[in-house]
Amino acid sequence: MPLFPYILHSVMKEIGGKKTILLVDDEAIVTMHETALLRKHGYAVINAENSSEALEMLKNHHVDLILLDLDLGRDSPDGTKTAERILQEWDLPIVFLTGHAEREMVDKVKGIPRYGYVLKNAGEFVL
């Protein structure tokens, strides 16, 4: 059987396939807004509200990038602990999201491999 159909299928899948972002944030309004912006720009987006949901999503879905809030609420480990847990099992790029611009928030993620740090509501261009 010729290889060409398989190669063509692989190439077309890569060209037409959307990159999937796991957005982990406990604020529903922020999640809805950011999800809409990301989808507008051609990304597939799946959402998780807390650390345990994020880990479950990673077990059940292919993800290309994680946007992870630093503060996931009182009943969930924070974003740094969640990132550490994720990186134990998956080799995925993580971009931290936060509503805080203070130096201590940036320092909080210094020891965690990551691909960035984005302020929430910084605008569509930044996201």
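Colleague: Why does E89 count as partly exposed?

Modeller: Buried means under 20% relative accessible area, exposed means over 50%, and partly exposed is in between, with a 1.4 Å probe and protein chains only. E89 has 45% relative accessibility, so E89 counts as partly exposed. R85, at a relative accessible area of 32%, is therefore partly exposed too.

Colleague: What are the ground rules for these values?

Modeller: This is a predicted model, where local features need pLDDT of at least 70 and side-chain atom pairs count only at pLDDT 80 or more, while totals for chains, interfaces and linings use all residues. Residues are numbered from 1 along each chain as its sequence is written, and side-chain values use heavy atoms, with hydrogens and water left out.

Colleague: What makes the meeting of E89 and R85 a salt bridge?

Modeller: The term asks for a side-chain nitrogen of Lys or Arg within 4 Å of a carboxyl oxygen of Asp or Glu. For E89 and R85 the N to O distance is 2.5 Å, so the pair meets the rule. The count by this rule comes to one salt bridge. Both residues lie in helix α4, four residues apart, about one turn of the helix.

Colleague: Which residues touch the most other members of the largest nonpolar core?

Modeller: They are L22, V24, L58, I66, L68 and F96, in a core of 20 residues. Such a core is a set of buried Ala, Val, Leu, Ile, Met, Phe, Trp, Tyr and Cys residues joined through side-chain atoms within 4.5 Å. Helix α3 gives the most to this core, with three residues; helices here are DSSP runs of H or I with at least four residues, strands are runs of E with at least two, and both are numbered from the N terminus.

Colleague: How are the strands arranged in the sheet?

Modeller: Five strands form an open sheet in the order β2-β1-β3-β4-β5, with parallel pairing. The edge strands β2 and β5 each pair on one side only. Two strands pair if DSSP finds at least two bridges between them. Four bridges join β4 to β5, so this pair passes.
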